[in-house]
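Keep the structure open as you read.

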Amino acid sequence: MADNDVLIEIRGLKYSRGSTVIFDGIDVDIRKGEVTAFMGPSGTGKTTLLRLITGQLRPDAGTIRVSGEEVAGLDRNALYDLRKRMGFLFQNGALLTDLSVFENVAFPLREHTRLPDPLIRDMVMMKLQAVGLRGTASMTPAELSGGMARRIALARAIVMDPEMIFYDEPFVGLDPISMGQIVRLIKRLNEALGLTSVVVSHDVAEISEVSDCIYLLAGGRVVARGSPQQLRESDSEWVRQFMEGLADGPVPFHYPAPEIRDDLLGEGKRA
Amino acid sequence: MTLLNDLRKGFAEFLATFGAVSIFLLRILADTPRALLRPGLIFRQVHVVGANSLVLIMMAGLFVGMVLGLQFYNTMSKFGAEQSLGPVVVLALVRELGPVVTALLFAGRAGTALASEIGLMKATEQLAGMEMMAVDPMRYVVVPRFLGAFIAMPLLTAIFNAIAILGAWAVAVQMMGMDGGQFWAPMPDNVDVYDDVLGGVMKSVFFGAAAGLLAVFEGYRAYPTAEGVSRATTRTVVVTAMSVLVLDYMLTAILI
């Protein structure tokens, strides 16, 4: 595929938090129009990666280019301009609790455009219709369930018609019905709006259903990359452990600790 | 040695916090001109902050005034100086008690509400959400709340003073039987608009700035957890109360 198909290009990305190395030189290409997923065990820095791509964090080394622009080199105004082309779905929705559902979705339009009220109303209602929650327009975020809040946040994320959308753990804590709805929405929105989607998750089945390309992250590196089909057929023990959800394998069940015999009976025993 | 080390550490922490608050104030001032273009956001905060504290301020004003009326009437009547009661009560309120008590009550009611609201917005990623929608939370959340507190404080102080004077009048004139004319008449001659009233207004303006600044600062830098927000709320009351008392002394020394 030609290089201009790549919307987000990451090269040699390094990032540490304190003494913990989160990324130790990773390369990623996110292609236009595709759903790209990042998976990996908890604590591998999946959310951190989204925050790095969207300029909420700065890398220690390496480059992150979005549409050819290096994110870390942008000043505040340029970063805000870039973010107007991005939608971001936070894990808990991050709806503004002092505004109604309608005003939450209208918020980016009111802040960034001078559109007349009737037009804003129509746009908001269309986005709410797209996520199936037009009937909740007058409710407050406190009245919504977790799944509904996330769908409203999704309506807000697409209200400015962004080019790309980032989903941070969109399936966490949802019942099977809500989860199915979000999976369907991610897929349908990507196709209908011509978006580029980046999803961070560890729900193997759901991710396999929606994504075109999956990156598996572990130990600060990309350990595998490919289509869901390719990963399922991979003979790497690590990939198999993750995709099949095996408790023990290359990622050990036990956190590093002294021998249990020493701990219970020997010198390691605490008072 | 441990005490010395603790003192040194405490002083270093104080300086670091003072520096951080000062930088935060500069950021607020830098964003203020643009925030002023959205007066609706500011007036909403004046309303929220003011309405939050209004009943408390009125009740407190009433009882502070009544206590002043009772105490001063009892003491002054022993010397036959009841005719000075009105001016003494007004001077005590306008110059000192009004601005200080209002600021202390404000810190406990509106300051904590501001700090915990901003802290919770941070903990629930609402501030990060705004950042991602290319909306600066400093401009949308912090500055309007700071200005709301800054504008509300002198207004609340004025209400506190008015109600407190009425409270003193109710006790001295209605309950203790003092002559109403004796209570009101000496006031114009003994209370100076510039020295006394404007001095008090100036104090309330400074206290409003300090209370607003410390509340938004503590909320904005709160660690985004339940414990972090609760700590920020507590710190808001403690630090604001101390700052108001220290500022009060400094302003009194300058104004006197």
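## A parallel pair

In chain A, strand S3 (residues 35-39) and strand S8 (residues 196-200) run parallel to each other and share four bridges. Strands here are DSSP runs of E with at least two residues, helices are runs of H or I with at least four, and both are numbered from the N terminus. Two strands count as paired if DSSP finds at least two bridges between them. Look for Val35(A), which has Ser197(A) of S8(A) opposite.

This is a predicted model, in which local features need pLDDT of at least 70 and side-chain atom pairs count only at pLDDT 80 or more, while totals for chains, interfaces and linings use all residues. Residues are numbered from 1 along each chain as its sequence is written, and chains are lettered from A and ligands numbered from 1 in the order in which they are written.

## The whole sheet

The pair belongs to an open sheet of six strands in chain A, with mixed pairing and the order S6-S7-S8-S3-S9-S10. Strands S6 (86-89) and S10 (221-226) of chain A are at the edges with a single partner strand each, so one side of each has no neighbour in the sheet. From one strand to the next, the twist averages 15°.

Helix H6 (residues 176-192) of chain A packs on this sheet, touching S3, S7 (164-168) and S8 of chain A, and its direction makes about 160° with that of S8(A). Axes are lines fitted to C-alpha atoms, for helices over the stretch in contact, and angles run from 0 to 180 degrees between N-to-C directions.

## Where the chains meet

How many residues of chain A are in contact with chain B? There are 14, and they meet 10 residues of chain B; contact requires C-beta atoms, placed from the backbone, within 7 Å. On the chain A side, H3(A) gives the most, with four residues.

Notes:
Two residues are in contact if their C-beta atoms, placed from the backbone, lie within 7 Å.
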